[in-house]
Amino acid sequence: MDLNSRTPDGPLEKKWDSHRFNEKLVNPSNKRKYHIIVVGTGLAGSSAAASLAELGYRVTSLCYHESARRAHSISAQGGINAPKNYANDGDSVYRLFYDTVKGGDYRAREANVYRLAQVSGSIIDQCVAQGVPFARDYAGYLDNRSFGGAQVSRTFYARGQTGQQLLLGAYQALSRQVSEGAVQFHDRMEMLDLVVIDGQTRGIVARDLVDGKIHSLAGDAVVLATGGYGNVFFLSTNAKMCNATAIWRAHKRGAFFANPCFTQIHPTCIPVSSGHQSKLTLMSESLRNDGRIWVPKAKGDKRPPNEIPENERDYYLERLYPSFGNLVPRDVASRRAKEVCDAGYGVGPTRLAVYLDFADTIRRHGKAWVDEKYGNLFDMYRQITGENGYEQPMRIYPAVHYTMGGLWVDYNLMSTVPGLFVLGEANFSDHGANRLGASALMQGLADGYFIIPYTIGDYLATAKFKPVDTSHAAFRQAERGVEELTSKLLSIRGKRPVDEIHKELGTVLWNHCGMARNAAGLKKALELVPELRERFWRDVIVPGGAGDFNQELEKAHRLADFLELGELLVQDALHREESCGCHFREEFQTEENEAKRDDEKYSYVAAWEFKGVGVPAALHKEALTFEYAKPSQRSYK
Amino acid sequence: MRVTLKVWRQKDRASEGGFISYQLSEVSPDMSFLEMLDLLNLDLARKGEETVAFDHDCREGICGSCSLVINGRPHGPLRGVATCQLHMRSFKDGDSIVIEPWRAAAFPIVKDLVVDRSALDRIIESGGFVSTRTGGAPDGNAILVPKPKADEAFEAAACIGCGACVAACKNASAMLFVGAKVSQLALLPQGQAERKARVLRMVAQMEAEGFGACSNTSACEAECPKEISVDHIARLNRELIRAKIFS
């Protein structure tokens with residue numbers, strides 16, 4: 001199949017403008033004739049549902065949470081980028097574009113990234129107008145900080161709860177449309193299949209999580225804004241319910257899955273303490289602005305951190321990267337932490353941690369200054385570990401955080417199935433092989449507020465629609481499929497609970513397809529994952545029934561998909577014989593242990609087509625060309 | 001450590017519920033409270049018994065999903081901490097722990113410890129927003145917000161919508177929840193145009209949902225995981241009077 005990215009011609013800075021002009025518009029009075037189903041209510045989903053309803057489309061929005069406000073975007077801490085150049089420090093749309101393409105290690109589509117940078121300023125304006133309480137200076141102007149990997153101050157923030165405040169803004173915009181009857185909203189409703197009729201997306205099948213009833217929803221377009229798949233690793237910073245089911249089932253209906261192996265490991269998380277751990281907690285990497293990362297110079301040094309004198313500490317990021325220091329990109333910071341721990345310099349009870357030390361900053365600015373900026377993060381650390389980060393350095397270790405991969409989309413954010421649009425973390429589009437800090441919120445809201453409202457109109461205005469309702473045989477067939485899958489999961493009655501098998505999958509993927517990968521490990525994982533999947537279908541126990549609120553059943557559906565996605569992730573990692581961004585293949589590194597790209601062979605998006613469970617997916621390539629940001633070896637020295 | 005749990009089990013909204021006791025050994029003090037419940041559920045699932053339903057998601061104290069009245073206190077014994085951030089080191093070996101759902105007429109039980117808090121969403125739908133459309137917003141710095149106002153608005157906006165304030169109040173009042181949103185938007189210049197209509201509509205919706213009147217005991221503030229101040233209830237009352245007199 002030909003992968004047409006539909007990137008507009010013309011100079012980079014004119015592409016989006018000319019594209020918007022060339023797109024067909026839907027007549028205002030005809031908009032209400034179109035029904036759009038938006039799945040998920042995070043930043044991308046809420047902003048899309050609200051904005052599309054404001055335009056006059058009929059919108060149905062659903063989420064598996066009990067309220068739209070609980071989507072996982074709410075957990076984002078640090079901030080949101082926009083090149084407003086309020087700090088007068090040389091920022092520009094072009095610089096944000098350039099930083100993002102470079103940070104993504106030249107594996108993103110230039111035109112998409114440029115557009116993202118272009119619309120990001122409007123996001124700040126929109127959120128301010130909604131009443132989002134961004135940090136302000138004493139004159140009342142918006143405050144900025146520099147953030148993970150950026151040398152300019154372009155990050156807008158609301159203490160350590162930026163995601164929460166942005167999501168509440170979008171949720172409130174959505175609530176307004178619900179109250180006006182422009183959005184039909186369903187909570188505790190989970191999409192379990194996509195319905196494609198004559199090659200066009202025509203609806204979804206979803207399960208009401210309270211009474212177990214299966215519902216069909218028919219529409220003219222479906223927008224998936226269902227987040228990332230980091231929980232395939234079981235332990236991640238994602239919320240517990242985050243899953244890949246919506247995108248995976250769409251993949252099985254024909255949507256290509258792009259770059260699944262691009263999974264980001266975040267450097268500043270609270271280390272694992274025991275086998276009972278249910279999730280990992282991230283602490284905003286804004287902490288790296290003022291905290292210093294170090295390990296003892298002596299291997300296996302068991303002294304408490306405050307007894308280790310200054311000259312016996314190795315501030316390894318400052319030593320290795322004098323110009324970026326503790327602010328190197330996430331992948332670099334994570335890998336270096338793994339290396340020092342693997343080499344025996346790790347700290348804490350498990351020796352899989354490094355110190356993040358605020359002592360210098362507290363001496364320089366005082367505790368109150370630190371508390372004002374990072375208070376909630378220090379509280380969080382204390383609640384989880386029982387330790388006081390003001391009195392002793394915090395311990396951190398990398399954890400799975402974000403997935404750059406996702407369903408393949410063209411410039412219009414449409415997948416390979418016509419009428420299926422994918423936004424936010426669920427798509428693959430803007431971050432290449434590594435996402436910069438404070439860029440996820442930016443992308444989610446850019447997609448929802450400022451891109452999909454334009455691009456979906458072009459599809460609706462140009463596609464031909466036959467009248468279809470939920471009585472169509474394709475809906476019946478999809479409903480039956482979901483019911484059969486549910487009965488099958490409930491009928492196995494084996495011995496192993498869902499979470500136990502999920503943890504095992506996570507361990508396999510973390511060990512063989514985690515922060516560092518090699519061919520032997522990946523081949524091993526390609527044996528282990530299918531074997532585990534086979535055991536799941538033989539030995540899982542899902543108590544309870546199909547007809548009521550059953551959280552074990554919800555998890556079983558999601559794990560069934562993770563067990564298939566896990567295999568694709570490994571297949572993708574094995575095929576990409578280079579290192580780039582977060583994808584670090586040990587066989588391909590520079591003399592300085594940095595990721596070594598192979599632009600000759602791998603400057604493309606790997607888009608995988610589903611061919612059946614246990615059957616290798618088929619590879620399609622979208623070649624990437626860089627006319628503006630010329631690929632170079634990333635160097636943060 | 002060993003603990004005895006007395007957990008409220010209820011099949012669905014219509015069924016009658018009751019307490020069931022469970023014994024757990026091998027609880028680690030470093031486990032979170034919800035990881036302790038995960039342990040219980042793994043045991044139950046292995047035996048093929050229905051697991052205890054409870055709401056949870058981010059487990060970082062921000063999504064507002066988790067609830068639970070633990071030994072009579074919403075979100076358990078610690079001040080300013082949601083259930084998901086509570087750890088077993090706050091309990092002793094041999095403790096008995098009673099776990100109940102939020103109890104309020106406006107929060108019907110879905111199953112076991114899970115309640116339906118959509119009444120809070122309907123209050124926001126009634127007016128808890130600024131009616132701005134996508135597009136059309138002026139430059140962010142065109143709207144100046146003095147830092148003290150921005151900070152105070154942030155304190156109110158930090159509400160996670162968990163409903164602990166309602167569960168803590170003997171009248172099951174939602175005044176702190178409503179006060180926090182009314183206060184945030186009344187403090188900011190962006191909220192001025194709809195200031196009066198907003199408070200009238202939100203209070204009317206709160207009453208229609210069956211939440212009680214303010215008990216004036218400040219139990220809500222004491223149990224709020226984000227420690228939102230009852231000052232915002234005072235502002236809500238002022239806003240309401242202002243709207244009624246000057247409308």
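1. H2(A) passes H12(A) in a right-handed crossing (right-handed if the near helix is turned clockwise from the far one by less than a right angle, left-handed if anticlockwise). Helix H2 covers residues 43-55 of chain A and helix H12 covers residues 440-462 of chain A. Their axes come within 8 Å and cross at roughly 20 degrees. Axes are lines fitted to C-alpha atoms, for helices over the stretch in contact, and angles run from 0 to 180 degrees between N-to-C directions. H2(A) and H12(A) are therefore roughly parallel to each other (angles under 35 degrees; over 145 is roughly antiparallel, 65 to 115 roughly perpendicular, the rest oblique).

2. **Basis of the model.** This is a predicted model: local features need pLDDT of at least 70, side-chain atom pairs count only at pLDDT 80 or more, and totals for chains, interfaces and linings use all residues. Residues are numbered from 1 along each chain as its sequence is written, while chains are lettered from A and ligands numbered from 1 in the order in which they are written.

3. **What the helices touch with.** On the H2(A) side, the contact residues include A:Leu43, A:Ala48, A:Leu52 and A:Leu55. Among those they meet in H12(A) are A:Leu441, A:Leu445, A:Tyr449 and A:Ile452. Contact requires C-beta atoms, placed from the backbone, within 7 Å. By class, this contact has 10 nonpolar, six polar and one charged residues (Ala, Val, Leu, Ile, Met, Phe, Trp, Tyr, Cys and Pro are nonpolar; Asp, Glu, Lys and Arg charged; the others, Gly among them, polar).

4. **A three-stranded sheet.** Chain A has an open sheet in the order S7-S8-S9, with antiparallel pairing. Strands pair if DSSP finds at least two bridges between them. S7 (189-197) and S9 (214-218) of chain A stand at the edges, each with a single partner strand, so one side of each lacks a neighbour in the sheet. S7(A) pairs with S8 (residues 200-208) of chain A over eight bridges. There, A:Ile197 stands opposite A:Gln200. Helix H13 (residues 473-491) of chain A lies across S7, S8 and S9, at about 140 degrees to S7(A).

5. **Chain A overall.** Chain A has 17 helices and 22 strands. These are DSSP runs, numbered from the N terminus: helices are H or I, at least four residues, and strands are E, at least two. The C-alpha trace spans about 75 × 60 × 50 Å along its principal axes.

6. **Interface.** 68 residues of chain B are in contact with 66 residues of chain A. H1(B) gives the most to the chain B side, with seven residues.

Terms used. Two residues are in contact if their C-beta atoms, placed from the backbone, lie within 7 Å.
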